[in-house]
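Me: I would like to learn how to read a model like this one, feature by feature. Can we go through it together?
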Amino acid sequence: MGNRRLEIYSEFYRAITADLFLFLNILGFTPTKQQAQLCALVQTRSPRIAVKSGQGPGKSTIAGLIVAWRLLRHRGARTVVCAPTMRQAKDVWLKELKKQLNRSCVPKSLRKVFKFTGTGVGLYQHSPSDWGAILVPATSSEASQGQHDVNLDVVFEEASGIPREIAEQFEGTLKNPNALFLKIGNPN
């Protein structure tokens with residue numbers, strides 16, 4: 001890549017990692033009013049966010065795109081996506097993220113950044129546990145132990161179905177000012 005092309009790419013990369021709304025625009029994704037409110041909270045670095053709404057408004061969709069954006073921001077960043085069952089994490093959260101990032105309107109160069117596995121998504125050919133998002137079932141507190149990282153984010157998919165002791169385990173690891181704890185679910 002020539003110096004000018006590399007410079008342009010670097011400017012583009014800095015721009016999309018600085019602005020969540022620009023990132024969504026590049027993906028061809030227009031958030032609903034509620035999704036935009038969540039994005040504004042994330043953009044202002046609110047460390048703990050809970051989202052409750054009924055089925056169908058796109059909570060999992062926007063949560064996945066927020067995770068993708070946050071992973072791009074820091075080399076080696078990690079996200080733990082915890083759901084009541086592995087099936088929920090795979091068939092809802094991961095499937096929706098893959099669908100959004102593989103749409104034809106997403107620039108090919110950006111699509112190639114994300115490498116999907118059966119239990120997560122890695123960036124730039126890294127495994128999800130090295131740089132990416134890993135899926136963890138909330139079936140036991142042991143599954144959530146040992147998750148530490150300077151840029152660790154945690155997403156609870158269907159948060160009402162996740163035992164309190166698992167949430168408490170993550171609270172201690174999320175003391176870093178860059179951390180995000182996003183709980184999404186139905187109003188139970």
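Me: Let me start with one residue. In which loop does P84 lie?

Reply: First, a caution: this is a predicted model. P84 lies in the loop between strand 2 and helix 5, residues 86-101.

Me: Is P84 buried, partly exposed or exposed, and which residues does P84 touch?

Reply: Start with accessibility. P84 has 23% relative accessibility, so it counts as partly exposed; buried would need under 20%. Then look at contacts. Leaving out residues up to four places away in sequence, P84 touches A138, T139, E157, E158, G161 and I162. P84 and F156 are 72 residues apart in sequence, yet their C-alpha atoms are 8.7 Å apart.

Me: Let me step back. How many helices and strands does the chain have, and in what order do the elements run?

Reply: The chain has seven helices and seven strands. From the N terminus the order is α-α-α-β-α-β-α-α-β-β-β-β-α-β.

Me: What share of the chain counts as buried, and what share of the contacts joins residues at least 24 apart?

Reply: Of the 188 residues, 45% count as buried. For the contacts, take those between residues at least 6 apart in sequence. Of these, 71% join residues at least 24 apart.

Me: Now the strands. How do I read the two faces of one, and which residues of strand 6 point which way?

Reply: The general idea comes first. Side chains in a regular strand alternate between the two faces of the sheet. In strand 6, L152, V154 and F156 point one way. D153, V155 and E157 point the other way. Both sets are buried.

Me: Why is strand 6 described as largely enclosed?

Reply: Count the buried residues. In strand 6, residues 152-157, six of the six are buried, so the strand is largely enclosed by the rest of the structure.

Me: Which way do strand 2 and strand 6 run, parallel or antiparallel? And how does strand 6 pair with strand 7?

Reply: Strand 2, residues 78-83, runs parallel to strand 6, with five bridges joining them. In that pairing, V81 has V155 as its bridge partner. Strand 7, residues 180-185, also pairs with strand 6 in the parallel sense, over five bridges. There V154 stands opposite F181.

Me: How many aromatic pairs does the structure hold?

Reply: Two. To read a pair, take the distance between ring centres and the angle between planes. Y124 and W131 have ring centres 5.2 Å apart and planes at 40 degrees, so this pair is tilted. Y124 is partly exposed at 31% relative accessibility, while W131 is buried at 4%. The other pair, F156 with F181, is edge-to-face: 4.9 Å centre to centre, with 85 degrees between the planes. F156 sits in strand 6 and F181 in strand 7, 25 residues apart, and the pair links distant parts of the chain. Both F156 and F181 are buried.

Me: What should I notice about the backbone of Y124?

Reply: Look at phi. Y124 has a positive phi of about 50 degrees, although it is not a glycine. Y124 lies in the loop between strand 4, residues 120-123, and strand 5. Q125 is found in that loop too. The phi of Q125 is near 70 degrees, again positive in a residue other than glycine. Q125 is exposed, with a relative accessible area of 59%.

Me: Where is G132 placed, and is G132 buried or exposed?

Reply: G132 is in strand 5, residues 132-137. Its relative accessibility is 0%, so G132 counts as buried. Beyond residues up to four places away, G132 touches L71, A77, R78, T79, V121, G122, L123 and S127. L152 is 20 residues from G132 in sequence and 9.9 Å from it in space, C-alpha to C-alpha.

Me: Which residues lie nearest the centre of the largest cavity, and what classes make up its lining?

Reply: The largest cavity has 13 lining residues, with R45, R70, H74, N178 and A179 nearest its centre. By class, the lining has five nonpolar, four polar and four charged residues.

Conventions
Residues numbered from 1 in each chain as written. Predicted model: local features only at pLDDT ≥ 70, side-chain atom pairs only at ≥ 80, totals over all residues. Heavy atoms only, no water. Helix = DSSP H or I, 4+ residues; strand = E, 2+ residues; numbered from the N terminus. Buried < 20%, exposed > 50% of the residue type's maximum accessible area, 1.4 Å probe, protein only. Contact = heavy atoms within 4.5 Å. 1 Å grid on protein atoms, 1.4 Å probe; cavity = no way out; pocket = protein on both sides within 12 Å on 5 of 7 lines; lining within 4 Å. Nonpolar A, V, L, I, M, F, W, Y, C, P; charged D, E, K, R; others polar. Pairing = 2+ DSSP bridges. Phe/Tyr/Trp six-rings, centres within 6.5 Å; stacked < 30°, edge-to-face > 60°.
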